[in-house]
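This report asks the reader to follow a chain through its sheets, helices and loops. Please keep the sequence and the model at hand while reading.

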Amino acid sequence: MFGLSKIFSGKSTEKAPMLEALAAYRSSAFAIGIEQSWVKDIQQTDGKSWHVKLVLPFAGLGEIHDIEAFINQKLACKVTIEAQVKLSEASKFKQIKHIILVASGKGGVGKSTTAVNLAAALQQEGAKVGILDADIYGPSIPLLLGLQGAEPKTADNKHLLPFEAHNLKAQSIGFLVPSDDATVWRGPMASGALNQLLNETDWGKLDYLIVDMPPGTGDIQLTMSQKVPASGTVIITTPQDLALADAQKGIAMFNKVNVPVLGLIENMSYFLCGHCGEPNHVFGKDGAVTLAHRHGVPVLATIPLATEIRESSEQGHLIAQNNAESISETYKTAARVLVSSLYYQQAQSAVEIVITDD
């Protein structure tokens, strides 16, 4: 399928089973297996042990353990995989390769918490990640990153330096306005402030910039959709009919401005009973699944209503980076599916169909 015999200039005869096993691996993130161009080296260390080097074109290091287990079982051998993430495409904005908008139709659905944990999960998956707080009227990122009271700095009096916490680069209007003050701005002023935050921050090289959008479908959403080369958006909702109706409006808006909807995340999806351990669907069930099917997009994750998420957020900790919490893997899986979907979509759109007279 991938011309495996040509990968290592004719020297891959003994490596063909390993290459075929890599190509056969499937998951929700690796929808078509390991592609030929990702395999950089294969070495047999002894009779039944192998070492494989991969370069992944999207953040997905969390998948490596499962790939090793799959090959160990398929080939009855021991394999260790060394992998790094390196996005091959050109930067779309400054030195940023992808800008991903995290949006919601209404407030109170956990959008900011989800956005910052998605960013943290992508960092855990091997990417260089930043987060921009575009919620001008209700910035939450300083609190969620434990950076309340931090003061902005500049190296050249022209560009702001991003704040760094939890291996993420961050910028927010919350760093420029006192936390107990109200931002009383009209739409154009808010959009202008956001433009400055985005353009006048020295982000450096980033694989992904996650943008925590304000709720709704107003001026700031249009500004980000029309003036910024966004790769796509993720819609956050809860199972409630009211939240789903507003999420539908958000999807419709992004469709009108030609920003791809990469997927939905259903937050507060269920509550695990502390006594019986059974899920209790407090706000309804399968609402995001129905909406996603209607628009042909995936549900990236169903996040439970969990005390651990609230406690971590209030303490400025990112639960996605806490491997001791089971919810951490949920965010990481969502992150892998998100950026792999983006990669595969772009790969398909790059394929040219040539029609000849033959």
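How many bridges join strand 1 to strand 2 (residues 49-56)? There are 6 bridges between strand 1 and strand 2, and these strands run antiparallel. The model is a predicted one, in which local features need pLDDT of at least 70 and side-chain atom pairs count only at pLDDT 80 or more, while totals for chains, interfaces and linings use all residues. Residues are numbered from 1 along each chain as its sequence is written, and side-chain values use heavy atoms, with hydrogens and water left out.

Helices (H or I, at least four residues) and strands (E, at least two) are DSSP runs, numbered from the N terminus. Two strands pair if DSSP finds at least two bridges between them. Strands of a sheet pair through backbone hydrogen bonds, either parallel or antiparallel.

Axes are lines fitted to C-alpha atoms, for helices over the stretch in contact, and angles run from 0 to 180 degrees between N-to-C directions. Val39 has Leu54 of strand 2 as its bridge partner.

Contact here means heavy atoms within 4.5 Å.

What is the order of the strands in the open sheet of 8 strands? The order is 8-9-5-10-4-11-12-15, with mixed pairing. Strand 8 (163-165) and strand 15 (299-302) stand at the edges, each with a single partner strand, so one side of each is left without a neighbour in the sheet. From one strand to the next, the twist averages 25 degrees.

Within this sheet, strand 4 (residues 96-103) and strand 10 (residues 206-212) pair in the parallel sense over 6 bridges. Val102 has Asp212 of strand 10 as its bridge partner. Strand 11 (residues 232-237) and strand 12 are also parallel, over 5 bridges, and Thr237 is partnered by Glu266 in strand 12.

Helix 3 (residues 111-124) lies across several strands, among them strand 4 and strand 5 (129-133), and runs at about 170 degrees to strand 10. Helix 10 lies across strand 4, strand 10, strand 11, strand 12 and strand 15, at about 175 degrees to strand 15.

## Buried and exposed residues

Buried means under 20% relative accessible area, exposed over 50%, and partly exposed in between (1.4 Å probe, protein chains only).

The table lists the accessibility of single residues.

| Residue | Relative accessible area | Class |
|---|---|---|
| Ser340 | 1% | buried |
| Gly232 | 0% | buried |
| Ala190 | 0% | buried |
| Phe271 | 35% | partly exposed |
| Ala76 | 56% | exposed |
| Asn258 | 68% | exposed |

Gly232 lies in strand 11. Among the residues that Gly232 touches, not counting those up to four places away in sequence, are Ile99, Val259 and Leu262. Ser340 belongs to helix 10 (residues 326-349). With the exclusion of residues up to four places away in sequence, Ser340 touches Ser28, Ala29 and Phe58. Ala190 is part of helix 5 (residues 187-199).

Ala76 sits in the loop between helix 2 and strand 3, and its phi is near 55 degrees, a positive value in a residue other than glycine. Asn258 is found in the loop between helix 7 (241-256) and strand 12; its phi, likewise positive in a residue other than glycine, is near 60 degrees.

Phe271 is found in strand 13 (residues 271-272).
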